[in-house]
Amino acid sequence: MKNIVPKRASKEYEQAFAELKQPLSNAAALADANRCLYCSDAPCIKACPTHIDIPTFIKKIATGNLKGSAKTILQSNWIALTCAKACPVAMLCEGSCVYIARGENPIQIGRLQRYAMDDYFAKGMLPLFTAAEPNGKSIGIIGGGPAGLACADELALLGYDVTIYEAKAKAGGLDTWGIAPYKMKQQDSLLEVALSKSLGVKIRTGECVGETVSIQFLMDQHAAIFIGVGLAAASKLNIPGETLAGVYDALAFIEKVTPRQWRSVDVGKRVAVIGGGNTAIDAATEAKRLGAEEVFMIYRRGKSEMPAYLFEQELAKSDGVQFHFQIMPARIIGKKHVEAVECMRTKPGEPDADGRRHPAPIPGSEFRIPVDMVIKSVGQNVEGTFFSQIPDLMIDDGMVVVNHDTLQTSNPMFFAGGDCINGGKEVVNAAHDGKKAAHGIDQWIRSTRQE
Ligand code: SF4
């Protein structure tokens with residue numbers, strides 16, 4: 001890449017990527033836990049996709065029972081540390097806290113959850129649950145992300161012999177590879193992988209289902225299989241210049257930053273990020289914190305339509321990221337390496353079948369933004385190249401079709417959850433799906449009395 005930002009001392013990167021939300025001190029945790037009203041029919045429980053018994057875990061913190069608090073949390077959500085740090089709590093549990101209606105700050109549910117989970121992991125994951133006797137049944141899990149880990153943990157407790165097949169060198173999926181380092185560290189996710197192992201879950205990393213291990217092998221080995229693959233295949237812009245040097249996919253860029261090997265990540269002095277979702281914002285913010293002099297967000301719709309959470313947009317803005325609305329890239333310019341993005345201004349076009357008006361380029365409005373690097377973030381597709389190898393598996397619009405009560409697919413031996421059935425939601429939704437599918441699998445195996 002040309003015009004790379006000069007490398008800095010590691011200490012400077014660590015400062016730039018320091019956690020935005022620091023852990024609560026003991027005194028602060030106690031004070032906030034004691035503010036909780038322990039509401040009956042608590043709205044925060046309903047707002048959490050995993051329905052953690054929030055007032056109960058907070059009460060246990062208030063009474064000094066941190067081990068009990070962690071148990072309450074894990075009973076509902078196996079991915080609780082990641083969720084405590086990476087969940088958009090303002091849109092979920094904290095956003096529904098009754099204090100908000102009183103005009104006061106909500107209980108810091110996310111930070112309290114982190115407080116309990118930090119203690120649990122710091123003390124070496126003391127056993128909290130008694131697993132059922134081994135039942136002799138083996139379950140295969142495709143994908144070691146949050147859905148796969150949650151499904152595996154729950155099945156291990158139910159007495160199953162569980163093996164996860166994970167394509168990457170480290171399990172954890174998006175939690176390990178795709179969460180901005182100022183929200184959480186990769187090590188946090190690896191603690192949750194270690195928790196799965198402590199429950200007896202086997203993890204085969206470097207196994208790419210459909211390539212290094214076949215679907216037939218999984219069907220021969222296991223009584224049931226859970227598909228928990230996420231979104232990895234980046235959508236293309238389909239414009240000239242997309243393959244020039246210096247053009248990156250957002251997830252690939254974020255994946256380079258996540259292991260905190262700062263000096264091995266090159267970033268251009270002027271960076272264009274194309275897209276308007278949370279992944280685009282993360283990439284823009286990370287590029288800025290790596291030292292990019294100017295970062296431009298290029299989004300084809302208006303500000304009010306930008307899908308990224310407002311608090312994420314505000315963070316990027318406070319870092320100096322520049323937002324350009326109602327423009328779209330027409331081509332990426334350069335000989336071998338990107339030199340500029342040619343953009344066109346847009347206006348709302350004709351409404352589609354859903355009534356949403358697609359942005360239409362305005363002829364003659366072309367202009368150029370000189371850049372050294374382009375990061376594309378216009379959506380991801382489900383990483384399911386092996387889907388076609390699964391007999392009778394129904395796919396709709398790239399996603400696996402499931403019975404939403406059990407998460408069983410059209411092939412009864414296969415269950416699925418997380419991004420591959422919903423197109424990409426939060427980690428907490430994947431964690432919930434994994435647990436739900438585990439019970440769907442257990443119910444199905446019991447009902448068919450497989451030998
Ligand atoms: Fe506590 Fe707020 Fe939940 Fe009520 S809504 S139980 S005050 S966290």
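# Exercises on a predicted model

At 1% relative accessibility, Leu 407 is classed as buried. The structure is a predicted model, and the exercises below begin with this residue.

**Exercise 1.** Determine where Leu 407 and Asn 238 lie, and whether each is buried or exposed.

*Solution.* 
Step 1. Leu 407 belongs to the loop between β17 (399-400) and β18. Its phi is positive, about 65°, although the residue is not a glycine.
Step 2. Asn 238 is located in the loop between β5 (231-234) and β6 (247-249). Asn 238 likewise is not a glycine, yet has a positive phi of about 55°.
Step 3. Buried means under 20% relative accessible area, and exposed means over 50%. Leu 407, at 1%, is therefore buried, while Asn 238, at 64%, is exposed.

**Exercise 2.** Describe the open sheet of five strands and state which strands stand at its edges.

*Solution.* 
Step 1. The strand order is β3-β2-β1-β4-β18, and the pairing is parallel.
Step 2. β3 (202-205) and β18 (414-416) each have a single partner strand, so one side of each has no neighbour in the sheet; these two stand at the edges.
Step 3. From one strand to the next, the twist averages 20°.
Step 4. The pairing of β18 may now be examined. Strand β4 (residues 224-227) runs parallel to β18 and is joined to it by three bridges. In β18, Ala 416 is the bridge partner of Ile 227.

**Exercise 3.** Classify the aromatic pair of Phe 17 and Trp 262, and then that of Tyr 309 and Phe 311.

*Solution.* 
Step 1. A pair of aromatic rings is described by the distance of the centres and the angle of the planes. The structure holds nine such pairs.
Step 2. The ring centres of Phe 17 and Trp 262 are 4.5 Å apart and the planes are at 20°; the pair is therefore stacked.
Step 3. This pair links distant parts of the chain, since its members are 245 residues apart. Phe 17 is in the loop between α1 (10-16) and α2 (26-35), and Trp 262 is in the loop between α13 (250-257) and β7 (270-274).
Step 4. Phe 17 is buried, at 0% relative accessible area, and Trp 262 is buried at 3%.
Step 5. Tyr 309 and Phe 311 also form a stacked pair, with 5.4 Å from centre to centre and 10° between the planes. Tyr 309 is partly exposed, at 21%, and Phe 311 is partly exposed, at 40%.
Step 6. Ring pairs join Phe 17 and Trp 262 with Tyr 13 and Tyr 182 in a cluster. Over the face of Tyr 182 lies Arg 289, at 4.6 Å from the ring centre.

Terms used. Residues numbered from 1 in each chain as written. Predicted model: local features only at pLDDT ≥ 70, side-chain atom pairs only at ≥ 80, totals over all residues. Heavy atoms only, no water. Pairing = 2+ DSSP bridges. Helix = DSSP H or I, 4+ residues; strand = E, 2+ residues; numbered from the N terminus. Axes fitted to C-alpha atoms, helices over the stretch in contact; angles between N-to-C directions. Phe/Tyr/Trp six-rings, centres within 6.5 Å; stacked < 30°, edge-to-face > 60°. Buried < 20%, exposed > 50% of the residue type's maximum accessible area, 1.4 Å probe, protein only. Lys NZ or Arg CZ within 6 Å of the ring centre and 35° of its normal.
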